[in-house]
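Subject: Structure handover

Hello,

Here is the structure I promised to pass on. Please open it first, then read my notes alongside it.

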Amino acid sequence: MNASVPNPERPVHGRLVENDRLLKETGHLFGLRELRRKQENPGSYEAIWQILQNICNTGWTVGCKVSSSPIATEGGDALWALHLPTGEAVCTSRGITAHPGLLALFVRSLIELGYEEDPGIAAGDVFENNDPHYGGIHPVDFDTAIPIFHRGELVAWASAVSHANDAGYIVPGSIGFMNPSVFGDGVPVTMEKIGAKDRFYPWYEMRIRSRVRTPDWVMGDARGRLAGCITIRERVLEVIEKYGRDYFRDVIQEYVEDSRRYAVMRVKTQAIPGRLRKSNFKDLAMAGKRVLLPEQDVDCLFNLPLELEIDAEARLRLSLQGASGWVPFGENITPTALVSALLNGYSHVVGFDMFNSGPMAAWTLDTPPEGSWANPFPANYFASSGVAWAPAVMWMSSLYEAFGRLYYMRGYVEEVAAGAATTMTAEFVGTDQYGNFSAALALDQASNGSPARGMADGENSAWCIYTPNGDFGNAEFGESYQPVLYLGRNVEPDSGGYGKFRGGLGHTAVWMIMNTPGISYQCGCAGIRSKIVANHGMFGAYPAAPDRPSYASGTNLKERIDARLPLVHERGDPEAPDLAVHLRATTLEPDLVAPFVTPEPLHEYDVVVHPISGAQAQGDPLERDPEHVRADLSKGWTREWVARQVHGVIAAQDPASGEWTVDLEATAARRDEIRRERLRRGVPFRDWWSAERRKIQASEGMHPAVLQMWRTSLAASPGYAAELRGFWQLPEDFEF
Amino acid sequence: MASYESEEIERLIDGKLPWSRVQEIMREAKDPDRFDKWIAVLQSRVPWSERILLPLTPCLSIVQKQAERVVKCRCGHEFGDYRVNWKLAALIHVRETREQLREVYRGREQPDPAWIQIREYTCPGCGAQLEVEAVPRGCPPDFEFLPDLDTFYETWLGRRLPDRKANQDRTLEVVRGWSAGEKR
């Protein structure tokens, strides 16, 4: 956030430079050592905050209604915000909380790039960006902003973002994991003035119509963004007329500084100073799959390390030292976008009160290693960010556990969260039931289980990492825009890991393809793990299982329907899945490593089984209350072998009533037996270290993706490399 | 300013408080005396007398043991200096074959052992599973938290601890010693 030298021809730019100076000198945003308006009249201060927030929510309601795509209209996967003239977000609507930081940096960039002079900023102008090279996160997220002028003075901005169904990626749809480079990233809108007088320029729509596959939805969403922004502008001008421009100007700055103070104080009063480290990893196994370019026939493993330091002033420093290298897929992210992603995570775990740009001044993020997935452009200026969230949200998941640990240490167990769930998407691409081309993202992925708390299980199908307003929409709505019928939408047993408190459970969607001549199932990665599990064994829990979808094509499902035989409604036993038990099919894939695109189109009566993950658990599974295990057994949310083997709970089911009862005495004995078994099989760490370091030196049992990850991690982060080699006492020149 | 009875905090910790009451506590401004009551509750539950300085996990705490600060399990087992990753003094069991993984993860729920190993850290004193790591071979164990205890007590809480300690990670010193021992 370094502004260049102030220019008298650019008054807002001058203010931006001054703001940066004041923050550096005083430690307070805008140099606000006191919140004068708040002190003078806290009632009005609070009331106007509520008014502005309601205005943003009204923008969201109007914008979503005007929008066309199911993602915005039914899923609400969009956001509207109000900004200072210099860009800082003041308040936001409900919706996808991952974006206020990006929108703030987008507006700031307009100022920094000199747009006040050229092309000029005037009432009624419309600006837009989706280009990661200039602050966007990935091209399907279109960031739009309009200035708000009051009697000739720029007093604020209104902004919006929505996730388009298609941005012209090389592969249809919006989850561009397959994009090999920026040249597959579709239609760019690069920091452009796309309209004036509250209307789009004609060439904006012409470009959308010639370069995306679902132009009606994309243009409808663009109109939705603009309509919501105009709604905000008109209501804000009413507020200014009523309360005065000076008051408005002061108070919107105070809200942002207030939020910064809240974030700092929350850390100081509820966390602990020190250094916290959390490793995490994510796979992208593509070798042998249908890919676009030869260099994509490769398995990748991402290193997603988090180091967090809290100093005496409760300032946070975050680092990604050790991050692995960029990948030839759309799973790279820029540092700018990562900062915004961080604000999303921070808003979930630290700053809950006034959600705006304030907390961004309460932390620093070290520049991620050059050439890594988190800072790819220094090594490859054309690396793709097709679905840049994918590694970022997996990294952010560590932030949940990190703060969970900090709150636990301080005794605020009610604020503890374990690690997050994953985001495996489903897009159906082809001809829909109306005969039109369709590239439609199912909404199911927007509703995971929530992380285990410090004193309770997480909630089922209630949340997802990129927005706390998790909503998977109505099944019937999904059936109206995709050529599928739901055969099932069920809670997935044991999908929240195993611990004293488990993560909220995910659900599994079972779709039957219907009313289409052919459609492909794109099982996408917007942040998943399919070969590995997350490093979220918090306090002795076992992490949630990997993401594994399945499908069958050329099935005998119609025969089974006609004969009234059992169909496929859920996943079933992990070693004998319902898909394989009940169906005969030309292609039967009951356990696939995601992501992928089906090699052949699916047809009527083909079946897709798509699980949405639960979140992570915490605590030794042997400490789970046997009554909680019994309750889960009764609901079908856990299985008898898990109760006995993992939780050490001995339970029996009454064949007549179906009720489960726990034998407490046998449970206590079983748990003692498991503890004794742990002591018997456990080896002193030093003995294991001694054997393990030899295996590392010999690369024994290390998959090529693991070796390649370590090579790139160590090459880009010398300090991290020295510490890793030091821990295993490897030679200084050791290479994996 | 909110403040809660120790009995209520105990019920909160144990997951026995009704959810509606937990939500009330979450909505309120935080109780500034929580840390002291939290420590007192934990201290009352252990069969040993060393002062708890900071709980790290449900099992492990940093305690003042004469002039030293050591990591100690609630069962009484000690893991040594808090500036050394306590995992180096734990028992470890690694699941890195399909058969080993099957005890926890079956069929499609199983991760690929060529990519990842599941490390279980056990307290040698009581058999509690303290942490689980899921990492590829080559990853050093996470040293989850190295607190700045002196800053925390002096600057944040306004109290002094009996003595100050240089707040440095000393884990590598231990493994260097192991390596030297192997060479001998």
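Two residues are in contact if their C-beta atoms, placed from the backbone, lie within 7 Å. Keep that in mind for what follows. Also keep in mind that this is a predicted model.

**Where the chains meet**

Start with the contact between chain A and chain B. Chain A gives 72 residues to it, and chain B gives 67 residues. On the side of chain B that touches chain A, the largest share comes from strand E7 (residues 129-135) of chain B, with seven residues. Sorted by class, that side of chain B holds 41 nonpolar, 15 charged and eleven polar residues.

Strands from the two chains also pair. Strand E8 (residues 274-278) of chain A runs antiparallel to strand E8 (residues 145-147) of chain B, and three bridges join them. Look for A:Leu276, which stands opposite B:Phe145 in E8(B).

**Chain A: domains**

The domain assignment of chain A gives domain 1 (41-261), domain 2 (273-618), domain 3 (622-681) and domain 4 (692-728). How many Å separate the centres of domain 3 and domain 4 of chain A? Taken over C-alpha atoms, the separation is 40 Å.

**Chain A: strand E1**

Next, go to strand E1 (residues 78-83) of chain A. Six of its six residues are buried, so E1(A) is largely enclosed by the rest of the structure. In a regular strand the side chains alternate between the two faces of the sheet. Here A:Ala78, A:Trp80 and A:Leu82 point one way from E1(A). A:Leu79, A:Ala81 and A:His83 point the other way. All are buried.

Which strands pair with E1(A)? One is strand E5 (residues 153-163) of chain A, antiparallel and joined by six bridges. In E5(A), A:Trp157 is the bridge partner of A:His83. Another is strand E2 (residues 89-92) of chain A, antiparallel and joined by three bridges. There, A:Leu82 stands opposite A:Cys91 in E2(A). E1(A) and E2(A) form a hairpin, with five residues between them. In the turn, A:Gly87 has a positive phi of about 115°.

**Chain A: a four-strand sheet**

Chain A also has an open sheet of four strands, in the order E15-E14-E18-E23, with antiparallel pairing. Strand E15 (437-441) and strand E23 (596-597) of chain A stand at the edges. Each has a single partner strand, so one side of each is left without a neighbour in the sheet. Strand E14 (residues 424-431) of chain A pairs with strand E18 (residues 519-525) of chain A over seven bridges, in the antiparallel sense. Check A:Gly430, which stands opposite A:Ile519 in E18(A).

Helix H8 (residues 215-243) and helix H9 (residues 245-270) of chain A have axes that come within 6 Å and cross at roughly 115°. H8(A) makes the contact through A:Val239, A:Ile240 and A:Tyr243. H9(A) makes it through A:Arg245, A:Tyr247 and A:Phe248. By class, this contact has five nonpolar residues, one charged residue and no polar ones.

Now find A:Leu35, in the loop between helix H1 (11-26) and helix H2 (36-40) of chain A. Is A:Leu35 buried, exposed or partly exposed? A residue needs 20 or more other C-beta atoms within 10 Å to be buried, and 12 or fewer to be exposed. A:Leu35 has 19, so A:Leu35 is partly exposed. Leaving aside neighbours within four places in sequence, A:Leu35 is in contact with A:Glu254, A:Glu257 and A:Asp258. A:Leu35 and A:Asp258 are 223 residues apart in sequence, yet 7.7 Å apart in space, C-alpha to C-alpha.

**Chain B**

Chain B has six helices and eight strands. Along the sequence they follow the pattern α-α-α-β-β-β-β-β-α-β-β-β-α-α. The C-alpha trace of chain B spans about 55 × 45 × 30 Å along its principal axes. Of the 184 residues in chain B, 43% are buried.

Finish with helix H1 (residues 6-13) of chain B. Its buried residues are B:Ile9, B:Leu12 and B:Ile13. They cover an arc of only 95° around the axis, so they sit on the same side of H1(B). An α-helix has 3.6 residues a turn, so residues three or four places apart point the same way. Helix H2 (19-27) and helix H3 (34-44) of chain B are among what covers the buried residues of H1(B). After H1(B) comes B:Gly15, with a positive phi near 75°.

Best wishes

Notes. Residues are numbered from 1 along each chain as its sequence is written. Chains are lettered from A and ligands numbered from 1 in the order in which they are written. This is a predicted model: local features need pLDDT of at least 70, side-chain atom pairs count only at pLDDT 80 or more; totals for chains, interfaces and linings use all residues. Ala, Val, Leu, Ile, Met, Phe, Trp, Tyr, Cys and Pro count as nonpolar, Asp, Glu, Lys and Arg as charged, and the others, Gly among them, as polar. Two strands pair if DSSP finds at least two bridges between them. Domain bounds come from an automatic or database domain assignment. Axes are lines fitted to C-alpha atoms, for helices over the stretch in contact, and angles run from 0 to 180 degrees between N-to-C directions. The arc is that of the directions from the helix axis to the C-beta atoms.
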